[in-house]
Every structure is written in C-alpha cells, then in structure tokens.
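Take a look at the model below. The text then walks through it, contact by contact.

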Amino acid sequence: MRQDLALPGLDRKAQVSSGGRDSGTHSHRQTWPDGDPTAEPSPEQSAALGAFSDDLVDCSTLGMIYDETEGFGCYADFGLVDDLFAEPGRRTKPEGRAALRRLRDYLNDDSVPPHVIQRLADRHPENADTVFRALLRKPSFSWARHGQALLRRRKKSWYGRETWPGVTVLGDRLSELVRSGPPQQRMGVPR
C-alpha cells in the first residue's frame with residue numbers, strides 16, 4: 001500500500017493557499033483556533049511543531065508519505081515538487097525554480113529514500129523526462145531509460161541493504177506490548 005498526502009507547511013506565519021491540486025494530492029488550509037495565523041500557538045501546537053525539523057516547519061507544503069516497505073516519512077515542499085511534475089512548464093517561474101532546487105535536494109540527500117523521487121515520476125510519467133532534463137541539464141535524459149540508474153548512483157546507501165521502516169505508527173496495544181518486553185519475558189519463559 002502506497003499513500004501520500006501533501007499538506008500546507010507547518011509554519012504558522014506562512015501564507016498558504018488552498019488552490020487545487022491534481023486528484024492524487026490533497027490540500028488543506030491550515031487553521032488555528034483563534035483564526036489568526038500570526039497568533040501564538042497553543043502549548044499543544046507548539047509541542048507538535050517542535051517534533052519537526054526547522055526544514056519541515058518552514059516549508060510551503062509538507063509531504064507525508066506512507067510506504068509499506070520504508071514506513072512513514074515527511075518531506076519538505078513535496079506538494080511544490082509534485083506541482084512541478086504536474087505542470088513542468090512552471091520550471092522557468094520562481095516557484096518552479098524553487099521546486100527544481102528542492103528536487104535536487106531530494107536527489108542529493110541520503111535521508112530521502114529513492115521511492116520519494118520514484119513516486120513523483122510515477123505520478124506524472126508524461127512529464128518526468130522534461131523535469132529531469134531541466135534538473136540535470138541533460139537534454140537526452142529519459143526517465144524510462146536512465147531513471148533507475150540515476151537513483152542507484154545518487155542513492156547508493158538505499159540499495160543492497162535490508163529495508164527497515166524509518167518510522168512506523170503503532171497503536172496503543174502494540175505500543176504496550178513493545179514496552180512490556182520480549183514475548184518470552186511476558187509469558188514467564190526465561191530468555
């Protein structure tokens with residue numbers, strides 16, 4: 001199961017539009033209890049924002065991706081990059097150049113798994129060549145022919161290793177079991 005969601009950035013002072021996106025991406029307007037995005041956040045909101053890196057808090061959109069193999073991950077400006085793949089003609093505009101910079105960051109950052117980039121190309125296969133040609137400045141680049149080699153070259157650490165989810169959401173019962181120790185210990189069986 002692969003799911004993703006692009007939300008407005010977490011920066012409470014950012015001006016976020018709720019403009020439509022393609023059918024695969026959902027956009028929600030950020031709201032604060034008092035309706036004022038410049039107001040101080042509640043203690044709960046501050047705690048929630050504190051759990052994210054500055055890069056994630058200050059981004060224009062936040063991609064939340066669940067991959068059945070890699071687990072759950074959050075990616076700064078995922079919606080911005082997805083918009084570029086949806087409309088590659090935007091690459092010459094300021095927001096398109098920002099999206100190309102973020103895509104370059106994704107490609108060069110070892111903490112971003114290859115499936116994030118693969119997912120963007122899969123969502124918009126008709127535009128992947130155009131976006132990567134602009135990003136790499138290689139007019140003959142073809143995602144279908146060169147995409148996997150590019151990912152394997154730039155994301156070496158993700159290939160040839162056993163995959164473990166980076167973040168996995170646990171329910172209350174499973175969390176309780178994990179905290180209580182190994183099954184043998186809970187059942188009175190010596191280790």
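Arg90 touches Asp83, Leu84, Glu95 and Gly96, leaving out residues up to four places away in sequence. Its place is the loop between α3 and α4. One of these contacts is also polar: the side chains of Arg90 and Glu95 are joined at 3.3 Å. Arg90 and Val131 are 41 residues apart along the chain, and their C-alpha atoms are separated by 10.0 Å.

A word on confidence comes next. This is a predicted model. The mean pLDDT of the protein chain is 73, and 60% of its residues reach 70 or more. Over residues 10–35 the pLDDT is below 50. That stretch still has 56 contacts in the model, beyond near neighbours in sequence. Where pLDDT is low, the predicted coordinates should not be read in detail.

Now turn to the rings. How many aromatic pairs does the structure hold? There are 3. Phe85 and Phe132 make one whose ring centres lie 5.8 Å apart. Their planes meet at 65°, which is over 60 degrees, so this pair is edge-to-face. Phe85 sits in helix α3 (residues 78–86) and Phe132 in helix α6, so the pair ties together parts that are 47 residues apart in sequence. Both Phe85 and Phe132 are buried.

How accessible is Phe132? Its relative accessible area is 0%, so Phe132 is buried. Trp143 has 11%, which is under the 20% cut-off, so Trp143 is buried too. Ring pairs link Phe85, Phe132, Phe141 and Trp143 into a cluster.

Beyond its neighbours within four places in sequence, Phe85 is in contact with Leu103, Leu120, Ala121, His124, Asn127, Ala128, Val131 and Phe132.

Asn127 is a polar name on that list, and it belongs to helix α6 (residues 125–136). Is Asn127 buried or exposed? Its relative accessibility is 12%, under the 20% limit, so Asn127 counts as buried. Apart from residues within four places in sequence, Asn127 is in contact with Phe85, Ala86 and Pro88. A polar atom of the Asn127 side chain lies 3.3 Å from the backbone oxygen of Ala86.

The last stop is His115, in helix α5 (residues 114–123). Its relative accessible area is 16%, again under 20%, so His115 is buried. Which residues does His115 touch, not counting those up to four places away in sequence? They are Ile65, Asp67, Glu70 and Tyr75.

Note on methods: Residues are numbered from 1 along each chain as its sequence is written. This is a predicted model: local features need pLDDT of at least 70, side-chain atom pairs count only at pLDDT 80 or more; totals for chains, interfaces and linings use all residues. Side-chain values use heavy atoms; hydrogens and water are left out. Helices (H or I, at least four residues) and strands (E, at least two) are DSSP runs, numbered from the N terminus. Buried means under 20% relative accessible area, exposed over 50%, partly exposed in between (1.4 Å probe, protein chains only). Contact means heavy atoms within 4.5 Å. A polar contact is a pair of N or O atoms within 3.5 Å; within protein, one must be able to donate a hydrogen and the other to accept it, and residues adjacent in sequence count only if both atoms are side-chain atoms. Rings of Phe, Tyr and Trp (its six-membered ring) pair if their centres lie within 6.5 Å; planes under 30 degrees apart count as stacked, over 60 as edge-to-face and the rest as tilted. pLDDT is the predictor's confidence in each residue, from 0 to 100.
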